[in-house]
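Here are my notes on the model, point by point. Please read them with the structure open.

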Amino acid sequence: MLDVVITGMGVIGPNGVGLDSMDGAVRAHQLPFSPWPASAAPPHPEALIATAGEYPRTRYFNERQLRLMDKAMCLSAFAAGQALEDAGFADGQAPDDTATLLGTMRAEQPSVFKFLQPLVQGRPDRINPAEFPQIARNISCGQIAIRFGLRGPSSVLASGSLASLEALSRAADFIRMGRSKVALVGGLDVLSKFSLYFSRRLYADSMAATRPSFFGTEPGYLIPSEGACLFVLESAQHAEARGARVHARLAGHWSGRVGKGSAISALTAAWDRALAQSGLQASDVGMLVISAAGGNRPFEQDEAAAVAAWLQERNCPAQVHAPRSLVGEGEAWTAALQVATAAYALKQQTVWPTWSVANDAPPLLAARSSGGPLQAPAALVTAIGSHGVYHTTVLKQA
């Protein structure tokens, strides 16, 4: 089986461009949150959101082209260009058969709302036909493929908050099966008045508190977030042949859905299987990157309980990190960010802290979430969604 590696990463989010900017914000203890817009009916007077920071919008498109693109297209295309450059591909020089696979929760919803608003208002004559392509869920993926000359398989998964991790697994399989030499893969989601309305209704029970709360049992507060996080994947042989730098190796993955049994047992068993598939043991894991977003929803509490039990029972040295404590609940884009922060930590040999740890968090999790030097050569990325779907990815140092 071909060994798949990450050779490029492109991130645009609330901290701006790249993981180095996030690293600087973490060191300065700066949180990129801003007040919830009054026009979007805040769920709480102290509600916050996390919008994408500044970036050079004309890096890959001119102003005329940008006028025909929505925010989802702009963010994802910029992250794609950054990932390809980071992988060492000059503009337009990626292999023709490069696959393009994205995951999203609801990237196109703001454009659907904008396009249909004249119709809702009884003014169908005001509908702008030029905005029609933006309502297609795969428009961002198609735009990226056209702009960077990628002619391999192309699709967008919209299966929920873990869609980007499913896209990552699919892209890795494409490379292992020889369908593509290279894959551009990741996740995106954007905020708008409409998406904030949707989030407020979907996460109503997690919008009552005033601050996030990680690993505890008390209700916490979710901070909606937007951004794009993309990777360039290729086989280790292909990367070595062209002299590419490698961020990390994708050692294995395991996914499934919680059945009638215990979610905690299902998660810990999935982690064991993913490690066994990777030829690793719990003692090899120096970082456990989790999907908790600070709302302490039932599945977040299951995840925290599973992490505490697994660390103790397996005598694992891993530190625990929740990237959403730094950027908010971004759903599909922050699921991809989990993998990016794991790869970054393996490269930098240090783990970022998790902020807003609950007062009643298990002592072991509280102690393991303060960040610090990496103690082992692998990272385990775990995510679970509200419907019991879970996904695990194992990364190894390059």
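1. Terms for exposure come first. Buried means under 20% relative accessible area, exposed means over 50%, and partly exposed lies in between (1.4 Å probe, protein chains only). Areas come from the Shrake-Rupley method with a 1.4 Å probe, and for residues only the protein chains shown count as cover.

2. Ground rules. This is a predicted model, where local features need pLDDT of at least 70, side-chain atom pairs count only at pLDDT 80 or more, and totals for chains, interfaces and linings use all residues. Residues are numbered from 1 along each chain as its sequence is written, and side-chain values use heavy atoms, with hydrogens and water left out.

3. Leu-202 sits in helix 7 (residues 193-202). Helices (H or I, at least four residues) and strands (E, at least two) are DSSP runs, numbered from the N terminus. Leu-202 is partly exposed because its relative accessibility is 46%. With Tyr-197 and Phe-198, Leu-202 makes a nonpolar surface patch of about 270 Å². Patch residues have over 30% relative accessible area and no salt bridge; like charges are joined within 9 Å, and nonpolar side chains (Val, Leu, Ile, Met, Phe, Trp, Tyr) within 5 Å. A salt bridge puts a side-chain nitrogen of Lys or Arg within 4 Å of a carboxyl oxygen of Asp or Glu.

4. Thr-7. This residue belongs to strand 1 (residues 4-13). Thr-7 is buried, with a relative accessible area of 0%. The side chains of Thr-7 and Glu-234 are joined by a polar contact of 2.7 Å. Such a contact is a pair of N or O atoms within 3.5 Å; within protein, one must be able to donate a hydrogen and the other to accept it, and residues adjacent in sequence count only if both atoms are side-chain atoms. Sequence neighbours within four places aside, Thr-7 also contacts residues including Asp-86, Arg-242 and His-247.

5. Cysteines. Cys-141 is buried at 0% relative accessibility. Cys-229 is buried at 0% too.

Terms used:
Contact means heavy atoms within 4.5 Å.
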